[in-house]
Amino acid sequence: MVTPTLAPTLSDLLDHVASSSPTTTVTFPSSNEAITRRGLAEASQTGSAALAAAGVRPGDRVGILSANTPDFLIALFSISRAGAAACPLPLPTSARDLAGYAARLSRTITVADIRRVVVGTSVARIAGRLAEHLAGVDLLEARRLTTAPDGGTPGADETRAGPGQPQVGPEDVAVVQFTSGSTASPKGVVLTHRNVLHGIDAIAAGIGLDQDEHAGIWLPLFHDMGLFGALSALFSQAGTTLWAPATFVKDPAGWLRDFLARGCTVSPAPNFGYDSLVAAVPAHEVPSLDMRRWRVALNGAETIPAASVERFLDHFGPAGFRPSAMFPVYGMAEATLAVTFPPLGRAPVTVWVDREQLAGSGVAVDVAPGDARARGIVALGRPVRGMNLRVVVAGADGYVENRVGEIEIRGDSVTAGYLTAGPDGPRFDGGWVPTGDLGFVRGDELFITGRRKEMIIVRGVNYYPE
């Protein structure tokens with residue numbers, strides 16, 4: 001992969017990989033579509049000119065409302081090349097909740113001051129039903145950005161309809177990633193081109209991702225784990241297959257068989273995805289699978305119970321899934337995803353600590369795994385390249401091993417702030433960003449114990465939902 005210092009912006013890096021591996025394809029099985037790196041670069045060049053002709057200017061924030069199809073990636077790079085910031089927007093989870101979804105979407109668009117939204121072809125009908133709730137917002141069809149009025153490819157005169165290519169630099173905003181908005185006010189994480197490039201470089205380096213690998217991703221591209229996972233694969237010139245989330249949710253076993261048949265070697269998912277695979281594939285069918293090529297199964301975005309990891313390894317061991325392939329990680333949108341990764345090739349590590357000591361004094365004290373007081377906590381590794389991490393323990397000065405405190409991060413991929421201030425706004429100290437997560441460090445390894453907002457204090461004792 002090209003290092004961020006050699007590629008100042010997302011478009012620069014895309015142009016480089018399009019030149020070095022023009023025919024390498026990103027495949028979308030759920031919609032029976034595909035696009036090459038070169039095709040993506042050319043479409044984004046045309047799309048950026050079309051956006052400029054539609055009034056998009058450098059510094060604008062432009063929404064993306066698209067399923068996992070080529071439209072999403074074309075929109076992302078068209079917006080980036082136009083000098084604007086791409087704002088991936090969530091899709092509705094059910095047609096029965098369109099009114100509630102429209103209200104949440106409208107709130108996000110208002111907070112981010114989004115005036116234009118690029119709409120993917122597959123969700124155009126839904127977007128049309130939402131139009132009345134999005135007054136003052138221009139809905140731009142993704143395919144029309146790269147298609148001439150006669151249905152062909154725009155000619156030179158048409159692609160030059162807008163102003164010339166703007167000068168985009170590494171400190172310009174590339175992506176605004178939203179981390180909430182269902183019940184709380186939407187919080188937009190502002191990520192520059194430099195943040196994103198360093199973030200995806202850290203991911204690729206941390207898992208050894210290169211052109212010999214094949215990434216398979218079913219997470220939605222509007223989610224940070226799906227988006228930055230996909231970009232890491234795209235820029236590493238690895239084979240890349242992107243399914244619709246519904247493909248996995250409706251038939252996890254079918255997705256797994258397709259994943260293996262395509263020779264995929266890397267995939268990210270929250271822990272519930274691995275639980276779903278265990279539930280979906282009967283034990284008697286496991287030996288018929290060949291999971292030996294699955295090299296890295298990134299597991300993050302939510303709590304990782306030790307029992308869940310053990311269950312997955314026991315269940316799929318007969319298929320050749322190696323314990324060292326299970327890769328528990330810690331990440332967040334504020335870090336352009338990756339914060340800590342375990343060493344490659346190491347089986348998951350679990351420490352068993354006294355839950356009463358952890359709750360009462362905030363100290364991780366080892367106990368036997370079978371002890372009635374034992375709580376298993378999975379190790380999440382060490383800071384990735386370019387990342388600094390510290391655990392701030394109340395009343396302590398500096399680093400204290402095995403003591404629970406709030407995790408703070410600082411680094412090249414870490415955001416400088418949010419779109420909005422308020423209770424959830426920036427309160428950064430010297431570049432250190434409080435994560436809201438609680439945990440402890442043992443040696444140089446991170447262990448998460450819970451979320452500050454979810455911890456309940458009863459008569460001085462801390463209780464975690466986990």
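The following legends describe several close-up views of a predicted model. Residues are numbered from 1 along each chain as its sequence is written, and side-chain values use heavy atoms, with hydrogens and water left out. In this predicted model, local features need pLDDT of at least 70 and side-chain atom pairs count only at pLDDT 80 or more, whereas totals for chains, interfaces and linings use all residues.

View 1. Helices (H or I, at least four residues) and strands (E, at least two) are DSSP runs, numbered from the N terminus. Helix α13 spans residues 306-316, and its buried residues are Ala306, Ser308, Val309, Phe312, Leu313, His315 and Phe316. Buried means under 20% relative accessible area, exposed over 50%, and partly exposed in between (1.4 Å probe, protein chains only). An α-helix has 3.6 residues a turn, so residues three or four places apart point the same way. The buried residues of α13 pack against the helices α11 (252-261) and α12 (271-280), and against the strands β12 (296-299), β13 (326-328), β16 (350-354) and β17 (374-378).

**View 2. Strand β8 and its partner β7.** Of the 5 residues in β8 (residues 188-192), 5 are buried. Gly188, Val190 and Thr192 point one way from the strand, while Val189 and Leu191 point the other way. Strand β7 (residues 173-178) runs antiparallel to β8, and 5 bridges join them; two strands pair if DSSP finds at least two bridges between them. Within this pairing, valine 175 stands opposite leucine 191.

**View 3. Threonine 336 in its loop.** Threonine 336 lies between β14 (330-332) and β15 (337-341). Because its relative accessibility is 0%, threonine 336 counts as buried. Apart from neighbours within four places in sequence, its contacts (heavy atoms within 4.5 Å) are Leu191, Asn195, Val196, Gly199, Ile203, Phe228 and Ser413. A polar atom of the threonine 336 side chain lies 2.7 Å from the backbone oxygen of serine 413. A polar contact is a pair of N or O atoms within 3.5 Å; within protein, one must be able to donate a hydrogen and the other to accept it, and residues adjacent in sequence count only if both atoms are side-chain atoms.

**View 4. The sheet β14-β15-β18.** In this order, 3 strands form an open sheet with antiparallel pairing. The edge strands are β14 and β18 (382-383), each of which pairs on one side only. Strands β15 and β18 are joined by 2 bridges, and phenylalanine 341 stands opposite arginine 382 in β18.

**View 5. Arginine 37 in helix α2.** Arginine 37 belongs to α2 (residues 37-53) and is buried, with a relative accessible area of 0%. A polar atom of its side chain lies 3.2 Å from the backbone oxygen of leucine 234. Arginine 37 and serine 21 are 16 residues apart in sequence and 7.0 Å apart in space, C-alpha to C-alpha.

**View 6. Two buried cysteines.** Cysteine 87 is buried at a relative accessible area of 0%, and cysteine 264 is buried at 1%. A disulfide is counted as a pair of cysteine sulfur atoms within 2.5 Å, and the count comes to 0 disulfides.
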